[in-house]
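Welcome! Have a look at the sequence and the model first, and then read on.

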Amino acid sequence: MINSLKSLLVGLGLTVVVQLCSPNAALAHGEKALEPFVRMRTIQFYDVEWSKNNLAVNDEVVLTGKFHVAEDWPRGVAKPDATYLNVSAPGPVMIRTERYINGQPSVSSFALKLGGDYEFKIALKARIPGRFHIHPFFNLHDAGPVMGPGEWVEISGQTAAFVNQVKTLDGAVIDMETYGLANGFGWHLLWIALGSAWLIWWVRRPLFLPRFRMVREGRHAELISPLDKTIALAILVGVPVFVLAANAFADRQYPNAIPLQAALDHIDPLPPVVNSGLVSAKIQRTEFNIPGRAVTLFALIHNGSDQPVRVTEFATANVRFLASGADGANQQNTQNTDAGVAREGLTLDPPDAIAPGETRALRITAADALWRKERLDGLVRDADSRLGGLLFLVDPTGARHIASVASAVIPKFK
Amino acid sequence: MTVTDLKSAVQPYAGEKARLSRAYDYLILVLAFFLFVGAFHLHVALTVGDWDFWLDWKDRQWWPLITPLMMITFPAAVQAVLWPNFRLPLGATLCISCLLIGTWITRIFAYHLWNYFPINEVLPATMLPSALVLDAVLMLTNSLTITSIIGGMAFALLFYPSNWPIIAMFHVPVEYGGAQLTLADLFGFQYVRAGTPEYLRLIERGTLRTYGQYATPLSAFCAALLCTLMYPLWWWLGKAFATTKYVQNI
């Protein structure tokens, strides 16, 4: 019995030690924690592409993609008057060297227009070796982050080899990794030395009990010597004079210093790409079969183009449901991203193409465990249980039509 | 005055009592060190937070207002204990030193080694000059009122000029992405983090726009006024929550 208990305890101990020694890597950025209606009906990413996912320190990778700003923006989410296209990474393992929105260089936040179409390009330069999970994502003012599809990036090489030089408007070329470091250390060390000297000046004497007793006996005047007062006076005069002199010197040394910049960029949306008019889709009803993990959209699709079109994909919150026979190529190369893809997860009733000029009532069912895995099934318990997403339609010539759709969701619990 | 003179002037004990008394001093100092490193550091991280974490949050309007206002708190409370009871004019310097130790530990270990930020991007602010002056004012005046007014104002007014020699070089302009940025802004753009957006960085908001572009002095004087009120508030908090009843029988 005792031996069994000992074995059990040793086993438990070993388990704890092994768990502590091999912690699981954090593989996500909380993207599934955000309420589904925010993920589905705010920023709708598509065509997200990485130029490569294996690079060495100092190499650059270019992240490109597009996004549509949903027309059916949730009432509970602040309107996108200030947003920032960011990169989610475990610290600055890569630095962002460039960012373009609709071809325009952008370093600040900007406003988005509801229903607007945008494309982006972000250049990232590898800084820290390792394997990292990186997403494009949007910071939305008063709403929080909305993630785009992520990608594992492998960086090789040595941290010490990383170089990041920048030329200032004064003409100086500086190394961002070390600029101002010695100066900062120097000032901190100086003040720490002076502060420590003041502390040591007092701490080297008997402190609490003797002083407390003398104060209680009314002998507090004896506890402060004339020299103490002289030093305090020197501090009172000397420190402000020194501080103001150093401040004036810094002013003279950097006469062109400017305040931190707070301007927002102004970026207009592209000409309509999604809901561009040729093909339109309206969702009349949406049912969410909870146990079957299937969402059925009852859509009314009008094909105004001169070619027959076929629904090939429904994409929402970085999850893609592909119709039977669709290879996913209706989005640009997204093989590298880790967006959840349900191949043959989309069924159409009736399945045949929509003829030019035809308006078709179509029953589109997106069924896959991804609804559960990506925590999108919580939609039915949201305060705003409406669904949104992008429908991709393709004609025989390869032309692509995208419709941003939205609808209230009716749950089916059995 | 020699060290021996200083010690003998403040030593009503001799022999074993003196030795035990000194051991008690060290015990309290060590405990106080860890208490202030932890508690004050947590207080500043929760209240000043990003303004002290990042170069591109150290603006000329909010940073000089928030930082002294939140950092005069513990110094005032600790002075309320150490000065009336022990005539030790080191409460402010002790608190700020402990804060800096905690801050530097986290900047190096958490921000730099764990999260890869270059240390120059996360240089902390210093309030040691302000703390030294606050201690000196209390010692020389022995007055809560004067220390609140003169010391509190000095604490706030000295903050920005004390730190400008550290951060001025990060305010050199650079052209980037078709815009003019400071190097500090560029750190925020290049070294990616979740809290980059301008709308999170509270910079230059408000109505201080009609005084000839001098935002910093206005913020500093506003902080000075508020510090004169914050100081006595925290002095009384320190006084209310500290007790010497365990050493009454010495």
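Domain bounds, as used here, come from an automatic or database domain assignment. With that in mind, chain A is divided into domain 1 (36-165) and domain 2 (279-412), and the C-alpha centres of these two domains of chain A lie 25 Å apart. Please keep in mind throughout that this is a predicted model.

**Chain A as a whole**

- Chain A holds six helices and 20 strands.
- Taken along the principal axes, the box filled by the C-alpha atoms of chain A is roughly 100 × 80 × 45 Å.
- The radius of gyration of chain A is 31 Å, whereas a compact globule of 414 residues would have one near 22 Å.
- Of the 414 residues in chain A, 37% are buried.

**Where the two domains of chain A meet**

- On the domain 1 side of chain A, 25 residues are in contact with 26 residues of domain 2 of chain A.
- Helix H2 (36-40) and S1 of chain A are the elements that give two or more residues to the side of domain 1 that touches domain 2.
- S1(A) supplies the largest share of that side of domain 1, with seven residues.
- Sorted by class, the side of domain 1 of chain A that touches domain 2 of chain A has eleven nonpolar, six polar and eight charged residues.

**A sheet in chain A**

- Five strands of chain A form an open sheet in the order S1-S3-S7-S5-S6, and their pairing is antiparallel.
- At the edges of this sheet are strand S1 (43-50) and strand S6 (104-105) of chain A, each of which pairs on one side only.
- In general, the strands of a sheet pair through backbone hydrogen bonds.
- Strand S5 (residues 94-101) of chain A pairs with S6(A) in the antiparallel sense, over two bridges.
- A:Ile101 has A:Gln104, in S6(A), as its bridge partner.

**Where chains A and B meet**

- How many residues does each chain bring to the contact? Chain A brings 86 residues and chain B brings 88 residues.
- On the side of chain B that touches chain A, helix H7 (residues 128-141) of chain B gives the most, with nine residues.
- That side of chain B is made up of 59 nonpolar, 17 polar and twelve charged residues.

**A closer look at A:Gly195**

- You can find A:Gly195 in helix H3 (residues 181-203) of chain A.
- Why does A:Gly195 count as buried? The cut-off is 20 or more other C-beta atoms within 10 Å, and A:Gly195 is buried because it has 24 of them within 10 Å.
- Leaving aside its neighbours within four places in sequence, A:Gly195 is in contact with residues of chain B, namely B:Thr93, B:Ile96, B:Ser97, B:Leu128, B:Ala131 and B:Leu132.

**Helix H4 of chain A**

- Which residues of helix H4 (residues 208-216) of chain A are buried? They are A:Phe208, A:Leu209, A:Pro210, A:Arg211 and A:Met214.
- After H4(A) comes A:Gly218, which has a positive phi, near 80 degrees.

How values were computed
Residues numbered from 1 in each chain as written. Chains lettered and ligands numbered in written order. Predicted model: local features only at pLDDT ≥ 70, side-chain atom pairs only at ≥ 80, totals over all residues. Pairing = 2+ DSSP bridges. Helix = DSSP H or I, 4+ residues; strand = E, 2+ residues; numbered from the N terminus. Contact = placed C-beta atoms within 7 Å. Nonpolar A, V, L, I, M, F, W, Y, C, P; charged D, E, K, R; others polar. Buried ≥ 20, exposed ≤ 12 C-beta atoms within 10 Å, placed from the backbone. Rg over C-alpha atoms; globule rule 2.2 N^0.38 Å.
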